[in-house]
Amino acid sequence: MSTPSGNIEAERILLELNDKQQEAVQCTAGPLLVIAGPGSGKTRVLTSRVAYLIATGKAWPRQILALTFTNKAAREMQRRVINMLPKGIGDGVTMGTFHSVMVRVMREELREGWLPGFTHRFSIYDTDDTERVIRQLMEQHRINKKTITPRVVRSAISRAKNRMITPSQYAQAAKTPNQERIARLFGPYTEALHGANAMDFDDLLLKPLELFRDHPQVLEKYQRRWQYVHIDEYQDTNRVQYLLSRLIASIHTNLCVVGDDAQSIYAFRGADMRNILDFQEDYPDAAVVRLEQNYRSTGKIIRLADSIIKHNRRQLKKDLWTQNDSGDHITLIEALNGRQEAEKATDRIRVHHERHGYAYSDFAVLYRTNAQSRNFEDALRARRVPYRVYGGTSFYQRKEIKDALAYLRLLINKDDLASLIRIINYPSRGIGLKTQERLVDYARFNGISVWAAMEQSRHLQLHSRAKKALMAFLTLTDRHRSRLSSEEPDVVARELLTEAGLFPELEKESTPQSEARVQNVQELISAIAQHTADDSEATLSTFLQSVALLTDADERADSQDTVTLMTLHASKGLEFKVVFIGGLEEELFPSYRAVEDARKKNSGGLEEERRLFYVGVTRAERHLYLAHARSRLRFGFVRDCTPSRFLSEVDQGVTRREGTSPFEGAPSAVTFGGGRLRHFHAPSSSRSLVDPKRTVSQLPKTEAKPISIEAIRPGLHVLHDLFGAGRVVSVSGHGARKTATVNFAERGQMKLMLSFAKLRVLS
Ligand code: ATP
Ligand code: MG
């Protein structure tokens, strides 16, 4: 180990690292690529390098830029850097996501007229907002939602934008009827955003590129400021991010990127693995450091991970090893259905928590799609295990919160049409659809914003009641807007939302749900208060910006002891003592599209899904569970499921199977007695009735056998795909009209039409 600086702080930083990691940290000049497998300390190298640059005096904090994948990761990095250095020394480093840093640049630099259509007060439209805009345009252009959905249009436009294709280029290249429909909407969509002074997520990176191109003095300012640029998770950068980092680092080329090609999982959003694979071509003088020791996981987890990624053809070879103990076998769980899968996960969590002293925050339940969280939530709630779901319908996506935010966004940016339309008549104040349409038409005809049209509404042919309502609404918002310059934003927000009628509207219902909604809005106001209390430069505008830029993983509140539920995508970069991955079934994970593409001999999607599996597996430190269900309720139907091909690819030498059905006496088994289900925890040295050497696909399909309708009689124990196990109480009718009353253990008594119910009998 070399510690050449003679500087105590610098030496202390290096002491926490292995030789290879030290090499990377000490390589401070010129381009540097750290490419290495999961858990090998890439992020730790990045953080240490930032601290090291400061400790050795090679850079001032404000000369350092560190780009990470989530805001939370950025905060965590900042905290660590600050801890590694004497008090007050580490502040001032610019850390954040590409999006948040570029928004800051634009808020600071954007002058009137520099980017056509935008001022520095621009709103940020999330996918929900942009879909609303597209839906409206589709109506205007008479494009039927049955032919193409707003969502498909949005993602096609987003992909095109990220490939830097303009609306006219897109129109020229459009071939299929759907592409032609998208082409008709692309231009108007861009104009609608201009008109609303609003940027979508893609614009947040594209517009800075334009700004840098058209106003080189701005680029130069940041090139001079950020002498040292760092990027974590470089394998998931897209073309625009690549260009931005290249531009910023082009003078000094002090660009340090770290990543793992085997963990590239965002191709569907335009991430391009070539950015990392071609780094050495882009920077022929780049230093390259490979890290091979994994500090995170047990030997068996690493062996399993290795056996997964080996199946991909496109990857750089990496040898990962660990000094950690080899650990427990990886448990493969087969469940009857999604609900039982969740119950098994919950029982496991409780066993680890109660017997082995793990905190709830040591657990993560990961899944492929947000919709899968529901079963897990139900099971955890039923057993009183605290949990938090990240992503999906997160706090800031709730309707009442989005309504409240729309009011607040209008205070900052009057032209924000999506926000205006959302709340102009909510709560109802007599500004009906006709009035709104007239306003929009007037605005378009006169080339002004809808807000300006409202201000001129006396020239419009409108019912006097509508005019009055418009004036009242205008006065209300204008008054609160002007208060913002001198009063606390949370006070203004509370009063605006009360006077606008949002609180009274929610309170009116007076149901437990509406009370929860009121509390949520109160919580939002507290969040504003907290935001502005923490930082003297914080305003309502910076609050709205931070909310708009939240990523799926950002809402993780580390202070609370809760189980984490999140998609595999959101789990990138994180680590947990115990990880449970659910839904390992064909057409779910790997996804339907990947399976379909693979059938057509295009394995790109499948390889990406496999990398996602690899990312999930390598989040685990000590225990790993991989589960699949035999049937699952998806899109309103119960489907039979085939175990994921990934399960047959994993190294069987490090796995152990848990019993197929709940009736086999496996851990966390459910037993049947007197028509009720009982849950018990079997001893951990459980006996599995399934031959561990058999592959998943060879496992018996079911212990519940099909039965003819005629044979169903009272007293039989039966299984229903959706409602689980139950006992037939009575039957009536004959043939296709025969019905049975079944007492389900979890749902109680239900009457079923047997020709639809497809009951199976439990032996
Ligand atoms: P991923 O690819 O999943 O993002 P990574 O390569 O970024 O992983 P880190 O998150 O930096 O890995 O490190 C994984 C874990 O190993 C962390 O808990 C980290 O603190 C620990 N670790 C890394 N290097 C060392 C080291 N030299 N000594 C002790 N612990 C280490
Ligand atoms: Mg990392």
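**Pocket, helix contacts and backbone**

Mentor: The second largest pocket holds about 1,300 Å³ of space. The model is predicted, so local features need pLDDT of at least 70 and side-chain atom pairs pLDDT 80 or more, while totals for chains, interfaces and linings use all residues. Residues are numbered from 1 along each chain as its sequence is written, chains are lettered from A and ligands numbered from 1 in the order written, and side-chain values use heavy atoms, without hydrogens and water.

Trainee: What makes a space a pocket, and which residues lie nearest the centre of the second largest pocket?
Mentor: On a 1 Å grid over the protein atoms alone, a pocket is an open set of points with protein on both sides within 12 Å along at least five of seven lines, and lining residues have an atom within 4 Å of a point. The second largest pocket has 46 lining residues, with T43, E76, R80, G573 and E575 nearest its centre. Two or more lining residues come from each of α1 (8–15), α3 (42–55), α4 (71–84) and β15 (576–581). The element that gives the most is α4, with seven residues.

Trainee: How is the lining of the second largest pocket divided by class?
Mentor: Ala, Val, Leu, Ile, Met, Phe, Trp, Tyr, Cys and Pro count as nonpolar, Asp, Glu, Lys and Arg as charged, and the others, Gly among them, as polar. On that basis the lining has twelve nonpolar, 16 polar and 18 charged residues.

Trainee: Why are α18 and α25 called oblique to each other?
Mentor: Angles under 35 degrees count as roughly parallel, over 145 as roughly antiparallel, 65 to 115 as roughly perpendicular and the rest as oblique. The axes of α18 (residues 399–412) and α25 (residues 512–534) cross at roughly 45 degrees and come within 9 Å; the two helices are therefore oblique. The crossing is right-handed.

Trainee: Which residues of α18 and α25 meet?
Mentor: Contact means heavy atoms within 4.5 Å. E400, I401, A404, L405 and L408 in α18 meet R517, N520, V521, L524 and I528 in α25. This contact comprises seven nonpolar, one polar and two charged residues.

Trainee: What makes α23 roughly antiparallel to α25?
Mentor: The axes of α23 (residues 489–499) and α25 cross at roughly 160 degrees and come within 8 Å, which makes α23 roughly antiparallel to α25. Here too the passage of α23 across α25 is right-handed. P489, D490, A493, R494 and L497 in α23 meet V521, Q522, I525, I528, A529 and T532 in α25, a contact with seven nonpolar, two polar and two charged residues.

Trainee: Why is α15 called roughly antiparallel to α28?
Mentor: The axes of α15 (residues 299–309) and α28 (residues 604–617) come within 9 Å and cross at roughly 175 degrees; α15 is therefore roughly antiparallel to α28. I301, L304, A305, I308 and I309 of α15 make the contact with R610, R611, F613, Y614 and V617 of α28. By class, these are eight nonpolar, no polar and two charged residues.

Trainee: Where is P427, and what is the omega of the peptide bond from Y426 to P427?
Mentor: P427 is in the loop between α19 (417–423) and α20 (433–446). The bond from Y426 is cis, with omega near -5 degrees.

Methods:
Axes are lines fitted to C-alpha atoms, for helices over the stretch in contact, and angles run from 0 to 180 degrees between N-to-C directions. Helices (H or I, at least four residues) and strands (E, at least two) are DSSP runs, numbered from the N terminus. A crossing is left-handed if the near helix is turned anticlockwise from the far one by less than a right angle, and right-handed if clockwise. On a 1 Å grid over the protein atoms alone, a cavity is a set of points where a 1.4 Å probe fits but cannot get out, and a pocket is an open set with protein on both sides within 12 Å along at least five of seven lines; lining residues have an atom within 4 Å of a point. Grid points are joined across faces, edges and corners, and a volume is the space filled by probe spheres set on the points.
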